[in-house]
Amino acid sequence: MAEPTPRTPADELDSLRRTLRDFCDRELRPQARDRDRGEVYPTELIPQLAELGILGAGLPERLGGAGLAYDGYRVVVEEVGAADSSIRSLVSVNVGLVGKSIVAWGTDEQQERWVPGLCRGELGAFGLTEPAAGSNPQQMVTRAVQDADGWTIDGSKIFITNGSEGAVTMVFARAIVDGDDRGVTCFLVPQDSDGYTARKIHGKLGLRAGDTAEIALAGVRVERDAVLGEVGGGMKVALSALDNGRFSLSSGAVGLAREALEVSLRYAAEREQWGGAIASKQLVQELLAAIHVDVQAATGVLDLAEAKLHAGERATLEISTAKLFTTEASVRCADRAVQVHGGYGYVDEYPVQRLLRDARVTTLYEGTSQVQHLIIGRILTGISAF
Ligand SMILES: Cc1cc2nc3c(=O)[nH]c(=O)nc-3n(C[C@H](O)[C@H](O)[C@H](O)COP(=O)(O)OP(=O)(O)OC[C@H]3O[C@@H](n4cnc5c(N)ncnc54)[C@H](O)[C@@H]3O)c2cc1C
């Protein structure tokens, strides 16, 4: 059980939200369409994201982070997620999956070696998924063989966010010690290691500006102190990381759904048919109301997860519930937003088609919606149906 974390005063959260909104309006929204169209990685924005504390938002100040509590971190991710999900994904992985895991499981040396860099823009990646091990990571075949000086890692990973543009990857591999398989173990692997080769995956439906990489690991050498957590304790590290990652992802999904509502309200007020704004039509109002209800409900389930986290209590049930609901809601909201925009919603003059494409992956990664149902079902019944 973790220590309770005090909530951030409401006026500080408001001021944080305003700062983030200004930044997103000024720096992220204007070029989001072009980055999406051209699959352009936002290299030039990384220093600004670091400068504003976004890349270390939920990480401790002693390690260069902004030291925000869960509620403040949620505001940051929600605002970035409303503006550009490719960048939101980069932040969620860097902070939620990688930074928080190194803080939770790392030695003092590991924390000092990696976390300040993550906050400065030397990004982290989370390498769990393999070609033959997706929803069931226990099926992974990547191996790390121990010898007198350290470990040699061989295998491959797929769909790894920040996997080619980052500085470090949490590589999960089976630890082989004296010929025995000691189980899944997490290794901190510098991306410039000999034998680490990353190939960017192109042609994605959404998150087109994001770095999603396929990674080959061929005889990658790391020292003994590269193990994060315990040998054989990799699934514990992964599952705790995924709780943090899913909270972050849910915050981004709420931001995206809220954006769908805001742009739809604006468009419905401006667009005229039949001699008046389409906002005056009952069936358009039905679409807008349905988006609003989903945004409110998604905010509510995320509030429940946030409350548990602040209380320092185990929050896996609430986080999986939030992940399942907010991500499915974000897809529904973006789809309805396209409907409100009519034919104009189908082209990228308006942001709604990007919102729909970007929302779609959220029900797939960090555990599909089916996997979230199974986690929730297992906690409710005590029976695993995987
Ligand atoms: C853009 C993008 C970024 C990603 N980033 C990362 C990252 O940074 N790090 C990382 O490690 N991974 C990442 N992933 C991988 C992602 O987490 C996996 O794609 C996801 O976990 C699903 O695995 P899979 O694709 O192998 O699908 P599969 O596991 O093959 O699933 C296929 C279908 O079968 C269903 N299914 C599987 N098992 C069951 C079951 N027991 N009961 C019912 N249904 C089941 C699934 O729900 C799904 O509908 C990313 C993926 C994408 C697309």
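Reply: Domain bounds here come from an automatic or database domain assignment. The model is predicted: local features need pLDDT of at least 70, side-chain atom pairs count only at pLDDT 80 or more, and totals for chains, interfaces and linings use all residues. Residues are numbered from 1 along each chain as its sequence is written, and side-chain values use heavy atoms, with hydrogens and water left out.

Me: Between which domains does the ligand lie?
Reply: Look at who gives residues to the shell around the ligand. Two domains do, so the ligand lies between domain 2 (126–232) and domain 3 (236–381).

Me: Which strand gives the most to the shell around the ligand?
Reply: Strands (E, at least two residues) and helices (H or I, at least four) are DSSP runs, numbered from the N terminus. Both β3 (150–161) and α10 (369–381) supply at least two shell residues. With 3 residues, the top contributor is β3.

Me: Is Ser 330 buried or exposed?
Reply: Ser 330 sits in helix α8 (residues 316–340). Buried means under 20% relative accessible area, exposed over 50%, partly exposed in between (1.4 Å probe, protein chains only). At 0%, Ser 330 is buried.
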